[in-house]
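Q: Please take a close look at one part of this model, the strand pairing and the loops and helices that go with it. A connected account would be welcome, with the cut-offs behind each term.

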Amino acid sequence: MVRTRFAPSPTGSMHIGNLRTAFYAYALAKHEKGDFILRIEDTDKKREVLGGVDDIKDLLGIFGIEWDEFYLQSERLSVYKKFAEKLVADGHAFYCRCEAKNAKEDGFSTSLRDVCRDKGLKSGAIKLRVPDNEEIKFTDFVLRDEIIWHSPVVFDATLLKSDGFPTYHLAVVVDDHEMKISHVLRGHDWLPSTPIHLLLYKYFGFEIPEIGHLTDILDPEGGKLSKRKGSTSVRGLLGEGYLPEALFNFVILSGWAPKDNRELFNLSEFVKAFDSDGFQKSNPVFNREKLDWFNGQYIRQMSDEDLNSKFQSQSPQFTKLDQSDQLSITKLIKDRVKKTSDINEFAKFFWEAPVVDKNLFSEKYTEHLEVAQDTILAIEQWNNETINEQLLKSVKDNGFKTGDFFMTLRIAITGQKFTPPINDSIIILGQEETLTRLQKAFSS
RNA sequence: GGCUCUAUCGUCUAACGGUUAGGACGGAAGCUUCUCAAGCUUCAAAUCCGGGUUCGAUUCCCGGUAGAGUCACCA
């Protein structure tokens, strides 16, 4: 039975790297009809954020991830304590009353062996007694290779803090065993502490699960992706107007690839296609252009109505518009937006008369404007066909260049050089407003 | 600095000893067109370097180099 878990800490907004780990762990289990467990690692009271647990649940829900079991580590304190004390009794751990400190000097650790290890103290924090000369190794199922450490290189890690809470090292080993986790999937940053866990498995007599370390998503500027350099929190990206479908698709393909190089996946398709051979070994760089492309793909796949409501949630001004006008606008810009928040930029001229910069106009613009005003004023049937017909006729009668003429109209009405087709736009804007804007451009 | 991981177009990647090294994003060009998009077509673009092993290395081994992670009573 394949059982995986996603084990986040409720310490702040979820990052796309964490989310990706959840997707991979979910697919790994569900591909084999196994169980996916959500376990909250809330063992650091100091860093915990209010509402953090609910935020994680909400976010997973947005992406359609459901869990079979749920655990809170803070409710299991007595279990960890029991295991830690057993280790002391067996001589594999010791009490320590040193002050909590960052044992760092010149930017890196000096001593790996704790000064308390042979004092025989009877209380305090509990630390692991790392053996003197042992080879510690395992085969990583993501890297598909054996990784070896020599024990002198491993430090006497704290297992149980003096406040009674376990550290990650203790809790993860105990819980993964008790919850019968078959595959441990986690970030690359955990690789260096794996020997600690391996030692614990051995001392507890636990069977060692499959362990795999995922790549880190890198920032284009270098280094691990950080919240500071551009928004990479899941909430932030969602708020920017990225669709969950796009975010999902983008993120699973950053560090994993199918043999056939297929690009478009929804959650169930991913589960079906999943294969841990597809895990990448080297760190991918966050590629926003590709994310934009995915988002465009999913935006165009949406129904006009669904997209319309996405736009509404991004723009109060848009929402105030007439219902049928909203839908017309949605259709008009559907092929043009990258993110749903683009509604505010792309459709702004519909609810706000532009400030027209005259320098944008070509030299014949006054003639264009005059003809346009006369033509539009004379139109009796305010529909696309008539507008197009009459405008084109005027262009021909006056010997204008079609492109130039429409560009003048575009600038006068929208204030911009890049917009949806202008006749489609003015039909939504209405005859009166169109005339008003033309007049204003003229006299401004 | 110690330990560990990694290395194919700018980016995401395919190849599991034998290919004209394939695809996608992005870029360029063209078609379409009232602009911008979208769509379609075409083009440019890569095996980090040096040694081995082998008839043959992107692929296996070793060494450099570069990037990344980690070295807390944080996860």
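**The hairpin, the sheet and their surroundings**

A: Strand E8 (residues 135-140) runs antiparallel to E9, and 6 bridges join the two. Strands here (E, at least two residues) and helices (H or I, at least four residues) are DSSP runs numbered from the N terminus, and two strands pair if DSSP finds at least two bridges between them. The model is a predicted one, in which local features need pLDDT of at least 70 and side-chain atom pairs count only at pLDDT 80 or more, while totals for chains, interfaces and linings use all residues. Residues are numbered from 1 along each chain as its sequence is written, and chains are lettered from A and ligands numbered from 1 in the order in which they are written.

Within this pairing, Ile 136 has Trp 149 as its bridge partner in E9. The two strands form a hairpin with 4 residues between them, and Arg 144 in the turn has a positive phi of about 55°. A residue is called buried if 20 or more other C-beta atoms lie within 10 Å of its own, exposed if 12 or fewer do, and partly exposed in between, with C-beta atoms placed from the backbone.

Positive phi values also occur in two loops. Most residues other than glycine have a negative phi. Lys 33, not a glycine, has a positive phi of about 60°; it lies in the loop between helix H1 (16-31) and strand E2 (35-40). Lys 33 counts as exposed because it has 9 C-beta neighbours inside 10 Å. Lys 180, likewise not a glycine, has a positive phi of about 55° and sits in the loop between helix H4 (168-178) and strand E11 (183-187). With 12 other C-beta atoms within 10 Å, Lys 180 is exposed.

There is also an open sheet of 3 strands, in the order E4-E7-E10 with antiparallel pairing. Strand E4 (93-96) and strand E10 (158-160) stand at its edges, each with a single partner strand, so one side of each has no neighbour in the sheet. On average, neighbouring strands of this sheet are turned by 40° against each other, direction ignored. Strand E7 (residues 125-128) is joined to E10 by 2 bridges, and Ile 126 has Leu 160 as its bridge partner in E10. Helix H3 (residues 77-89) packs on this sheet, touching E4, E7 and E10, and its direction makes about 105° with that of E4. For such angles, axes are lines fitted to C-alpha atoms, for helices over the stretch in contact, and values run from 0 to 180 degrees between N-to-C directions. Contact means that the C-beta atoms of two residues, placed from the backbone, lie within 7 Å.

Further along, chain A is divided into domain 1 (303-349) and domain 2 (358-443), with bounds from an automatic or database domain assignment. Their C-alpha centres lie 23 Å apart, and the contact takes 7 residues from domain 1 and 6 residues from domain 2. On the domain 1 side, helix H12 (residues 323-333) gives the largest share, 5 residues. Thr 436 belongs to helix H19 (residues 431-443) and counts as partly exposed because it has 14 C-beta neighbours inside 10 Å.
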